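Hi! Here's the structure I promised to pass on. Have a look at it first, and then read my notes below.

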Amino acid sequence: MEFSLRGPGPIISQRLSLLGYTKQAAMGFLDELLDDLRSRREPDSWLPAGEEPLTQRRFLQDYTASDWVRSVAAGVADPASSRAVGGFHWLLGMLEYNEPGFALQAALLGMPEAEVVFTFAGSEPDVDHDPELPYLCSQAVEAIHEESSAHAPIVVLTEGRSDVAILEPALKLLYPHVTDLVRFMDYTGGAQGGAGPLVSTVHAFGAARIANPVVALFDNDTAAAAALRSLRRSTLPGNIKVLQYPPLPLASQYPTFGPPTTDAPTGSLSMADVNGLAGSIELYLGRDVLSLSDGTLRPVQWGTYIQGLKRYQGEITDKKEVQDLYRAKLARAQKDPSAIADQDWDGIRAILDMVIHAFD
């Protein structure tokens, strides 16, 4: 039993273009194919009996992709006219055993109105008992998307522009060999920041079936955990990873500044594990940035109480000053990379390692 799939040439051509097999790319494919044929010394499998490879090489000497398209278009009127070198069947024979997507688009350049028929044989499969048969095309398209996704740069989404301003130059400094394979979202156009908008962006990327691998980075704090409750992870495609900044050893025993009480009307300091509660990007900038002049760590200030999670949201004090100190630290390392050895980059490295290995 044979099965066939049919479609008009213009529609098939459009679908091929959207899959990356564009007309321009097909012309480049033809030029490369012609260059290869010009260099051959042995007869090709479709060369008619009695024809010499020299005849083929002479014909192709100044032959271009545009010539090929015009010759195929001219041969459509009488496709059986010739199987000799330069004939319709000989021209189409060039496409055999080559990349099928580009070969089909090349053929449609010369025969744009042709009907495309894909025929395949089987052992009388019953559609009712072979549930995959009706989804043959959709599964093939999904496979193409997965393959292209595997080779596309990773797109990193963060809660805001400050995260990008910290992580992007750090990647160039610490992992310069992967900077062309990791792209951070550009917030300069006024994109809204925060955990809630990032959840919306993740849903939008999933609905749009973005081909690139996507890593959505959320803070390691209560606000992010609250926002993530609304994220429908089960609806996301496999090329989207939703991650929070990793637990930080430094944060497991960290000074925190609590609200005022009767015994401490101006508030009080106490040590706490702030992982999952106050882990914004600033907490990952290194002990050298977070330390005060007396050697103690700049405390976390407890703020809003999130009723749904029954825990507080914390934030590092003097956040702007922390960011300024980080920029000075970064500038020193960029000017003199040997300074990295004396600086604390453990927190930033932990985040970047998580991004780089997200799909391992």
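Predicted model: local features only at pLDDT ≥ 70, side-chain atom pairs only at ≥ 80, totals over all residues.

**Strand β3 and its neighbours**

Strand β3 and strand β5 (residues 214–218) run parallel and are joined by three bridges. Strands here are DSSP E runs of at least two residues and helices are H or I runs of at least four, numbered from the N terminus; two strands pair if DSSP finds at least two bridges between them.

Residues are numbered from 1 along each chain as its sequence is written, and side-chain values use heavy atoms, with hydrogens and water left out.

β3 also pairs with strand β4 (residues 182–184), again in the parallel sense and over three bridges. There, Val156 has Phe184 as its bridge partner.

Are the two faces of β3 (residues 154–157) covered or open? Both are covered: Ile154 and Val156 are buried on one side, Val155 and Leu157 on the other. (Buried means under 20% relative accessible area, exposed over 50%, partly exposed in between, with a 1.4 Å probe and protein chains only.) In a regular strand the side chains alternate between the two faces of the sheet.

**Helix α8**

Together, β3, helix α8 (residues 161–174) and β4 form a right-handed β-α-β unit. Right-handed means that, with the strands pointing away from you, the path from the first strand over the helix to the second runs clockwise. Buried residues in α8 include Val164, Ile166, Leu167 and Leu171. The helix's buried residues pack against β4, β5, α12 (319–335) and α13 (346–356), where contact means heavy atoms within 4.5 Å.

**Aromatic rings**

Searching the whole structure turns up seven aromatic pairs. (Rings of Phe, Tyr and Trp, using Trp's six-membered ring, pair if their centres lie within 6.5 Å; planes under 30 degrees apart are stacked, over 60 edge-to-face, the rest tilted.) Take Tyr21 and Phe102: their ring centres are 4.9 Å apart and their planes at 80 degrees, so this pair is edge-to-face. Tyr21 sits in the loop between α1 (9–18) and α2 (23–38) and Phe102 in helix α6 (residues 100–110), so the pair ties together parts 81 residues apart in sequence. Tyr21 is buried at 16% relative accessible area, whereas Phe102 is partly exposed at 22%. Along with Phe29, these two form one aromatic cluster.

Enjoy exploring!
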